[in-house]
Structure formats: C-alpha cells, structure tokens
Amino acid sequence: MTDENVDSGRRRLLTIATTGVGLAGAAGMAVPFAGSLLPSEKAKAAGAPVEVDISKLEPGQQLTVEWRGKPVWIIRRTQEALDLLGGMADRLVDPDSEGDQQPGYAQNPYRSIRDDILVLVGICTHLGCSPKYHPEIGGVSFDDDWKGGFLCACHGSKFDLAGRVFVGVPAPTNLEVPRHRYLNDSRILIGEDEEAA
C-alpha cells in the first residue's frame, strides 16, 4: 500500500477511539483496585475502640476483653496491693515507667489513670505469650517474696501489679498500657484517649 491510499482521517479516528477505550478500561480497573487498598469493615471493627463496663469488677478481680486481636486485662487492685507497689523499685527493670510502653498519663507509680484500676495488654514483652494473673500476696512456688502480679509460664518472666517487669527475667520491658479513657465511673473506652476524643 502506498502513502496515496492511506486515509489519515480514518486512522486518526481509530487511534482516538482505541485510546479512549484503553483509558476507560484502565479507569474501570483502577476503581476496584484503589478500593481494595482501603481497610474492610471487619478490619475497621477489629481496630475500633472497645467500651467496657467495670461496674461489677470487685477488688482483686480481673476482666479480660479483646481489642485489636489482643487480650486486654482490666484489674481492680486492692488497697493492700497498691500499698505494696512502692517498695519494689530495687527489684524492677523500669520502676518509674520511663520506657514507652504506656501513654504519658499512665507514667506514674500505678501506671494508670485511676490508682485502683489497671489496664494492660496481656501479652508478655519477651516472646508474646500471655502471662497469668497471680493476685495472692506472700510466698508462692516461683517467688518467696511475691507481692502479687503476673507470671509468664513460657519462660518465667514476672511482672508486678502495675505491669512492671522484674530484674533477671527474659522480658525486656514492662507490659503495655493501651490508650484508654473513662467515659464515666463505670465505663472505660480502650483504644482511645482524651487526646483523640
């Protein structure tokens, strides 16, 4: 075919039509692809704050809820347990909670907003096992001078009733205090604090 027989108008029309169909197809594929990058409703719900009623939690009791796929412990500490927290600094790695395992408002001797209510993520900072709550005070099989707290049976890490890690155990840091706030005297919202409200 020679240049004399080429219909340049028709060629231009076919080029424009082909480009338009290609762009429309690309746009049609981009919309669901972009949508797939957004979190699903299930994922949003899994990361959403969790509201917990603590009105029936008695002194010494522990309540476990799930937030972001993790166990979160809520413990109402007794006055006796609170009184014992101060005399343990020499046995703890980070007695003043200077590490970043808690929000600023929980960087105090009790690692909590309210002295009597402790909120912790129930995962050992060593290898991710879940320690067991041992509220008893006095000699126990794993510590002759036990003042109450948590024992991770996987590798022997121990934490006091503020979630602070003991010296000489595998866990390197205190247990995590999640962001939380009180909606009223009997309800806590885990996963959100006053700064985010």
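**Arg76, the cores and the fold**

Modeller: In this predicted model, the Arg76 side chain comes to 2.5 Å from the backbone oxygen of Leu57.

Colleague: Does Arg76 count as buried or exposed?

Modeller: Arg76 belongs to strand S3, which spans residues 70–76. Residues under 20% relative accessible area are classed as buried. Because the relative accessibility of Arg76 is 15%, the residue counts as buried.

Colleague: Which residues does Arg76 touch, not counting those up to four places away in sequence?

Modeller: Leu57, whose backbone oxygen the Arg76 side chain reaches, is one of them.

Colleague: Which element gives the largest share of the largest nonpolar core?

Modeller: That core has 26 residues, and Leu120, Phe150 and Phe159 have the most contacts inside it. Two or more residues come from each of S3, helix H3 (79–85), strand S4 (117–121) and strand S8 (149–152). The largest share, 3 residues, is that of H3.

Colleague: How many residues form the second core?

Modeller: This core is separate, and its members include Val52, Ile54, Val119 and Ile190.

Colleague: What pattern does the protein chain follow along the sequence?

Modeller: The chain contains 3 helices and 11 strands. Of its 197 residues, 35% count as buried. Read along the sequence, the pattern is α-α-β-β-β-α-β-β-β-β-β-β-β-β.

Technical notes: Residues are numbered from 1 along each chain as its sequence is written. This is a predicted model: local features need pLDDT of at least 70, side-chain atom pairs count only at pLDDT 80 or more; totals for chains, interfaces and linings use all residues. Side-chain values use heavy atoms; hydrogens and water are left out. Helices (H or I, at least four residues) and strands (E, at least two) are DSSP runs, numbered from the N terminus. Buried means under 20% relative accessible area, exposed over 50%, partly exposed in between (1.4 Å probe, protein chains only). A polar contact is a pair of N or O atoms within 3.5 Å; within protein, one must be able to donate a hydrogen and the other to accept it, and residues adjacent in sequence count only if both atoms are side-chain atoms. Contact means heavy atoms within 4.5 Å. A nonpolar core is a set of buried Ala, Val, Leu, Ile, Met, Phe, Trp, Tyr and Cys residues joined through side-chain atoms within 4.5 Å.
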